[in-house]
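This briefing concerns a single structure and is arranged by topic. Please read it alongside the sequence and the coordinates.

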Amino acid sequence: MSGSNSVLVIGGGAAGCAAAAELSRRGTAVTIIEAADRLGGLAALHCCKSTSRCERCDACLPRDFEREVRGASAARVLTSSNVIDAMTDDDGVLVRMATPDGEVEERFGVVIVSIGAPPFDPSLDPRLGYGTVKGVLSSLDVDRAVRAGTFSVPDEAAVAVVQCVGSRDARHGAPYCSKACCKYALKLARHLQTSRPRMAVTFFHMDWRPLDGDLSALSRWEADGATVIRSRPAEVFQKDGRPAVRYADPADGPKEEAFDLVMLTVGMMPPESGPSLAAMLRVQLDDLGFFIPAQGRVLAAGCCTGPKDIDESVKEGIATAGRAVAILEGR
Ligand code: SF4
Ligand code: SF4
């Protein structure tokens, strides 16, 4: 699966699996290399957010693409493996890889970087009480607990959802909007309410920016009983054994309110290994530390080029596979 007419996909998340699946559909030899011991990336750890119907959260997409890649004769999967060196020339990229069977050096015509973007660590913003105030969880903690079947709150729990954690905040995270988390948090909260109809949700947000274009989803949810407050909380603290949120109410001024659970919706950060991988591949990162989508024979797709949701990652992976084929064909 190597040689000047083949493609190496670095990173086996949603975008990488989609790119590899598209390449194999086109009959292009592809190797996908993934540091973890499984494909699917962070997206594959998300729970299904169905309510009484499929809510099109796309959490099942990475698994679908993984199955396709693993069954494709033109695709090879290397898990628990890493790129340790690379040399780029006019004909392609010579890549040294560490695999469970030892080091190998192989040539590829095009490399697609799809290493994803890590979630913001909410403990870096101590005002929000993550790790110090009981009952404060990140959105990923909640998501994974639901998927594992370990999520537990009383049926009548009062839950606060705090948006834009680590996003649109240069002091504590990143200055940009992480794009996926408005839609994601609403779908996750509505999924929680499906099996707990008496659960009360208060949604603290700065803006409503759903990537799927469903601009009325928030007002429909509010009409269904959710409390929607346009405010960025100043602090989450312990009050009588419960997590409490201090915020400025747009109409009433400073307020504080206790909940049973506070969920911090975390954004996406530039990939930690971006600088070292970019240096190996002799490409530049953008000013924020994300990969640039196309630099010669090194292409990039998915959240490592900037925050996006699973659907957009998959679409970018497929489009980038097409671009890789065009480069291999000299177009
Ligand atoms: S994971 Fe998401 S897209 Fe897949 S069935 Fe569940 S709700 Fe639908
Ligand atoms: S998508 Fe929504 S929650 Fe996420 S950073 Fe943008 S405005 Fe904030």
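The points below cover domains, ligand surroundings and strand pairing.

This is a predicted model, in which local features need pLDDT of at least 70, side-chain atom pairs count only at pLDDT 80 or more, and totals for chains, interfaces and linings use all residues. Residues are numbered from 1 along each chain as its sequence is written, while chains are lettered from A and ligands numbered from 1 in the order in which they are written.

**Domains**

- The domain assignment gives domain 1 as 3-117 + 270-328 and domain 2 as 122-266; such bounds come from an automatic or database domain assignment.
- The centres of domain 1 and domain 2, taken over C-alpha atoms, are 31 Å apart.
- In domain 1, 13 residues are in contact with 15 residues of domain 2, where contact requires C-beta atoms, placed from the backbone, to lie within 7 Å.
- The side of domain 1 that touches domain 2 has five nonpolar, three polar and five charged residues. Here Ala, Val, Leu, Ile, Met, Phe, Trp, Tyr, Cys and Pro count as nonpolar, Asp, Glu, Lys and Arg as charged, and the others, Gly among them, as polar.

- Around ligand 1 are C48, K49, S50, C54, E55, R56, C57, D58, A59 and C60, each with its C-beta atom, placed from the backbone, within 6 Å of the ligand.
- By class, this shell around ligand 1 divides into five nonpolar residues, one polar and four charged.

**Parallel strands and crossovers**

- Helices (H or I, at least four residues) and strands (E, at least two) are DSSP runs, numbered from the N terminus; two strands pair if DSSP finds at least two bridges between them.
- Strands β8 (residues 158-165) and β9 (residues 200-205) run parallel and are joined by five bridges, and V162 has F204 in β9 as its bridge partner.
- From β8 the chain crosses through helix α4 (residues 181-194) to β9 in a right-handed β-α-β crossover; with the strands pointing away from the viewer, the path from the first strand over the helix to the second runs clockwise.
- Four bridges pair β9 with strand β10 (residues 227-230) in the parallel sense, and H205 stands opposite R230 in β10.
- A right-handed β-α-β unit is made by β9, helix α5 (residues 217-223) and β10.

**Antiparallel sheet**

- An open sheet of three strands has the order β11-β12-β13, with antiparallel pairing.
- β11 (235-239) and β13 (253-258) stand at the edges with a single partner strand each, so one side of each is left without a neighbour in the sheet.
- Strand β12 (residues 242-249) is joined to β13 by six bridges, and V245 stands opposite E257 in β13.

How values were computed: Contact = placed C-beta atoms within 7 Å.
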